[in-house]
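These are my notebook entries on a single protein model. I set out to look up its aromatic pairs, its salt bridges and one of its sheets.

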Amino acid sequence: MEPQAPGLLDREQCEHRLALDPADAVALQHRAVHAWQQGDGLGAVRRFRRAGRLLGDRAWGERQAGVVLPAALSQVSAWIDAGRFEEAGAALQWLADGGTASQDLFRLLGTVRLIQGRDGEAHRLAPASGPDTGFLTALAAVAKHRPEASVLGTVVIPAHGAEATIEAALDSVAAAVRHYNAMADAQARFHICVVDDASPDGTAAAVLRWGRAHPGQGLTLISTNRNAGAGAARNRGTAAAVGELLWFLDADDAFLERHLLLTVHALRSCPEAGYVRTGILFDAIDDTITPEWRAASENSYPCNLCVRRACHDLSGGFPDEAPFRPAVADDVAYARALQGLFAGVKLEEKTVRYTMRPGNALFRQKERLTGAGGSTGGESADPRFMAIEILTRRRVHALEAVRARPWDGPPLLPSPTGAAPPPAGGPQGADALLALADRFTREGRHADAAATLGAALGAFPRDRRLRGALGRAWLLAGQPDSAAAALRPATATDDGCGEAWFETGVAAHRAGNAALAVEAFRAAARLRPDLAPAWFNLGALLIDAAPPEEAAAPLRAALALQPDHANALLLLGRLAGQASRPATARRRLGRALRLDPQRADLREEYAAALLAEGDAGGAVRHGRAAVLAGPDRYGAHAAVAAGCEALGDPDGALAAWTRAIRCNQGFGEAFTRRSVLLLARQWGAPAIRPSAARPGRRITSTALGRNGRFGNQLLQYGFLRLYAARHDLDLEVPPWPGRHLYDLDDPLPGVPLPPVSEATADLVGSLTGESPTVYAGHDISGYFCGDTGRLARFRDAFRACFEPGRNLRPHADGAVSRLRGAGHTVVALHLRRGDFGWGRFWTAPEDWYLRWLETVWGGLDRPVLYLATDSAACAQAFAAYRPLTARDLADPVPGAEFFTDFHVLSRADFVGISNSTFSFVATMLNQGLRASVRPDRGRQALVAYDPWNAPVLL
């Protein structure tokens with residue numbers, strides 16, 4: 001197979017056209033073919049991807065890139081053979097991130113990561129790497145003989161009289177370890193070292209008891225026979241530590257679950273930083289603590305610190321001479337030593353809970369922390385604290401000699417006294433570090449640039465240039481969360497800087513922080529009213545978060561500044577369509593299409609506007625043109641399908657809806673329309689009652705059938721029926737599969753009603769009476785996936801809505817009869833794979849279900865296992881239980897192929913579900929359910945739940 005570029009231009013022609021127009025997508029395609037023919041596969045991939053972006057069809061670009069991928073992998077293999085592992089890893093990661101993938105790519109990338117010692121990444125790539133060619137064998141060998149160096153680091157906990165709190169502190173560390181393993185590297189290990197500083201109670205026994213209950217967690221207990229203070233205890237703990245990183249935790253405080261994950265990531269992202277500090281949650285008084293004391297505390301307390309062990313050792317550790325005992329200012333002296341030697345990273349997220357209890361430091365400082373206390377003046381200095389200050393300065397001064405020693409760790413900061421000469425290579429300071437970061441950026445080393453700027457900011461925190469440059473570097477490095485965190489303080493210190501606000505908006509949007517993005521773009525537009533991108537981005541974000549007119553205003557401002565802004569016209573056209581102004585939508589979209597006739601998304605939207613105006617033939621024509629330009633566009637196929645339905649062509653509509661489903665299996669509309677067309681073909685049109693037409697007593701849900709698929713549609717409809725009955729309202733709903741399957745005959749929607757959504761109104765509270773508002777005369781929408789406990793008293797009425805109808809009952813009864821004939825106790829598992837694994841619908845491994853089966857199977861009376869699954873691999877994993885599947889019980893119902901699985905889940909005795917609405921709602925309907933379990937990520941197992949007292953999705 002060769003890449004597609006008919007009528008190939010020669011290389012000179014390509015170069016000439018690209019010199020005239022660097023965005024010439026056709027010339028780029030031909031240049032890509034030339035690169036491929038010359039063995040430059042990476043160059044070919046890069047050009048095909050760029051051509052796809054220019055054409056507005058990234059999927060096409062990736063398909064073309066896939067054809068030339070073998071040549072690219074051959075290039076990278078040569079780099080690996082030559083020992084150029086960093087370059088090879090970067091190239092392979094770039095190929096994988098773009099969506100161009102193959103088993104060979106994942107195998108090569110896994111091999112490089114294993115060579116680089118990045119074992120966790122190699123493990124994650126193993127399932128996609130195909131048959132073993134040595135990579136899997138090497139990976140297994142490393143996993144079997146992991147050295148002690150695989151321990152990332154040690155959490156040191158000094159403890160004195162902590163019998164009542166130490167186990168909770170240890171639990172918090174274990175929770176943070178589990179979170180790290182789940183989110184970053186399942187193989188990573190952490191060690192804990194508790195130093196019992198001559199406790200007068202049972203602290204040591206409590207640690208040993210906890211250790212016996214957690215045999216998989218590395219734990220060291222050191223007991224002393226004389227109380228030496230927290231500083232000395234921490235030093236003893238670090239001497240026994242394992243791994244390159246150190247964390248400190250007091251025995252009455254706690255890590256929050258993201259503490260280890262964020263601190264490790266920060267130090268790996270900033271190799272020039274010696275330590276990282278996070279925010280602290282100050283127990284019950286967090287909201288009232290003064291900013292000054294928060295800053296002072298977060299810059300000195302050990303418990304929010306992660307430090308490289310080598311940096312800790314170089315700093316001399318915690319002072320433990322007499323003035324600092326038992327626990328006075330040793331942490332402050334230690335912090336000043338670290339901050340004098342190394343740049344650090346500061347994370348704003350609060351990842352440590354500092355607990356206030358009688359007698360501890362926070363309790364003693366409460367009045368100051370909350371702003372209620374403070375000096376009254378005229379006080380004499382305490383000689384002890386004066387001594388501590390002198391000794392701290394002595395310690396910091398002594399560290400100047402450290403700068404002259406050989407050192408291969410993070411770079412040392414310039415001496416504040418100027419005593420140490422600057423290293424070779426140029427002047428030190430913010431300008432030099434900015435220049436170094438700029439060089440890294442030009443070389444494409446964006447992560448190195450960000451690390452350099454992060455270290456510089458630690459040394460020069462007031463330099464606003466560094467913060468803006470750091471935000472831009474994180475954006476280029478693909479780390480929008482870090483970019484937003486870096487840029488946000490720049491806007492606070494200089495709110496007149498429109499560019500800083502704009503960059504903050506971009507970073508926040510990429511990080512998924514919509515509220516901050518809206519705030520930032522609004523400020524940028526206010527400060528720079530001539531900045532069309534700021535107005536456009538603001539309007540684009542407001543479309544989903546504000547009334548239509550509020551979103552339209554900034555879009556119109558962007559269009560006034562840039563009349564050829566096709567995207568602004570596109571969004572304004574979409575808003576007009578949503579406001580039932582199809583003629584306006586058609587005009588705006590037509591103008592956008594004339595500006596950029598090759599864009600598949602514009603043609604797709606134009607087809608939808610024609611359909612809304614009643615021009616079904618035009619919708620089909622433009623929809624098919626959009627399909628030719630972008631075969632994977634869901635909306636284009638949907639426009640063709642809806643147009644065919646309007647033209648009385650059900651076969652054409654079915655084919656188009658089926659293609660739309662392949663484009664996006666998560667959209668409910670195509671699922672619904674295909675199902676309704678097939679069910680009507682088999683059973684005829686369903687009965688529909690005429691509307692009662694009582695003024696002011698109507699409710700509709702035009703979103704039913706579009707939001708969510710079968711299980712969620714049952715949840716929506718059941719809520720609507722309960723709501724209508726509770727408030728004596730007349731329900732009107734569009735066509736959906738429930739009409740055929742359950743003989744539901746509600747009237748079709750009549751005159752449009754104003755919308756109301758669960759996102760803006762407490763609809764469940766309105767049903768239960770917790771809210772006095774009744775939304776009669778509204779078009780109701782929502783997914784209703786919250787806690788079902790609020791609906792529990794309506795369970796009988798909910799279940800009554802969904803009894804199989806006259807056409808479906810023989811199929812349903814026959815399937816259950818054949819299943820019961822195979823065994824007395826039915827155990828059903830839901831293991832969807834093909835259309836799961838994205839967003840909130842994460843998949844749990846088969847092993848969790850097998851472990852649960854082992855605990856219940858032996859005690860059941862003639863059990864039979866039923867698998868509701870679309871994966872043959874899943875069935876093989878349960879072969880020992882000889883499971884039955886839908887095809888063993890009944891032929892599928894065209895348009896409701898899912899029904900056998902759903903019905904069995906709603907009739908089984910024991911049910912294990914996926915994290916899906918489909919199987920959860922089935923258990924809501926199951927009146928004979930003896931036990932139900934669902935996957936829990938935190939516990940890495942199936943856990944029991946009550947279908948009528950639990951959230952629908954986790």
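Entry 1. I note here that the model is a predicted one. I then looked up Y301 and found it buried as well, at a relative accessible area of 8%. A search of the whole structure returned 23 aromatic pairs. For an edge-to-face example I took F48 and W60, whose ring centres are 6.2 Å apart and whose planes stand at 80°. I recorded F48 in helix 3 (residues 41-55) and W60 in helix 4 (residues 58-81), so this pair ties together parts twelve residues apart in sequence. Both F48 and W60 are buried. I then returned to Y301 and Y354, which form a stacked aromatic pair, with 4.9 Å from centre to centre and 20° between the planes. Y301 lies in the loop between helix 13 (291-298) and strand 7 (305-308), and Y354 in the loop between strand 8 (344-353) and helix 16 (361-364), so the pair ties together parts that are 53 residues apart in sequence.

**Entry 2. Other contacts of rings.** Which residues are linked into a cluster by ring pairs? I listed Y717, W736, Y742, F798, F802 and W948. I also looked for charges placed over rings. The charged end of R49 sits over the ring of W94, at 4.5 Å from the ring centre. R934 has its charged end over the ring of Y945, at 5.1 Å from the centre.

**Entry 3. Salt bridges.** How many salt bridges does a search of the whole structure find? I recorded 32.

My opening case was R107 with D104, whose side chains meet in a salt bridge of 2.3 Å, N to O. Both residues lie in helix 6 (residues 103-115), three residues apart, which is about one turn of the helix. R107 is buried, with a relative accessible area of 14%, whereas D104 is partly exposed, at 40%.

My next case was D250 with R234, where the N to O distance is 3.0 Å. This pair links distant parts of the chain: D250 is in the loop between strand 4 (245-248) and strand 5 (254-255), R234 is in helix 11 (residues 230-239), and 16 residues separate them. Is D250 buried or exposed? I found D250 buried, at 18% relative accessibility, and R234 is buried too, with a relative accessible area of 4%.

I then turned to D746 and R689, whose closest N and O atoms are 3.8 Å apart in a salt bridge. Here too the pair links distant parts of the chain, 57 residues apart. D746 belongs to the loop between helix 35 (738-742) and strand 11 (755-757), and R689 to the loop between helix 33 (668-683) and strand 9 (698-700). D746 is buried, at 4% relative accessible area, while R689 counts as partly exposed, at 40%.

Finally, I noted a network of salt bridges that links R294, E298 and K346.

**Entry 4. The surroundings of E732.** I located E732 in strand 10 (residues 730-732). Its relative accessible area is 2%, so E732 is buried. What does the side chain of E732 meet in a polar contact of 2.9 Å? I found the side chain of R698 there.

Entry 5. I traced an open sheet with the strand order 14-13-15-16-17 and mixed pairing. Its edge strands, each pairing on one side only, are strand 14 (863-869) and strand 17 (941-944). From one strand to the next, the twist averages 20°. As background, I noted that strands of a sheet pair through backbone hydrogen bonds, either parallel or antiparallel.

Terms used. Residues numbered from 1 in each chain as written. Predicted model: local features only at pLDDT ≥ 70, side-chain atom pairs only at ≥ 80, totals over all residues. Heavy atoms only, no water. Pairing = 2+ DSSP bridges. Helix = DSSP H or I, 4+ residues; strand = E, 2+ residues; numbered from the N terminus. Axes fitted to C-alpha atoms, helices over the stretch in contact; angles between N-to-C directions. Salt bridge = Lys/Arg side-chain N within 4 Å of Asp/Glu carboxyl O. Buried < 20%, exposed > 50% of the residue type's maximum accessible area, 1.4 Å probe, protein only. Phe/Tyr/Trp six-rings, centres within 6.5 Å; stacked < 30°, edge-to-face > 60°. Lys NZ or Arg CZ within 6 Å of the ring centre and 35° of its normal. Polar contact = N/O pair within 3.5 Å; in protein donor to acceptor, adjacent residues only side chain to side chain.
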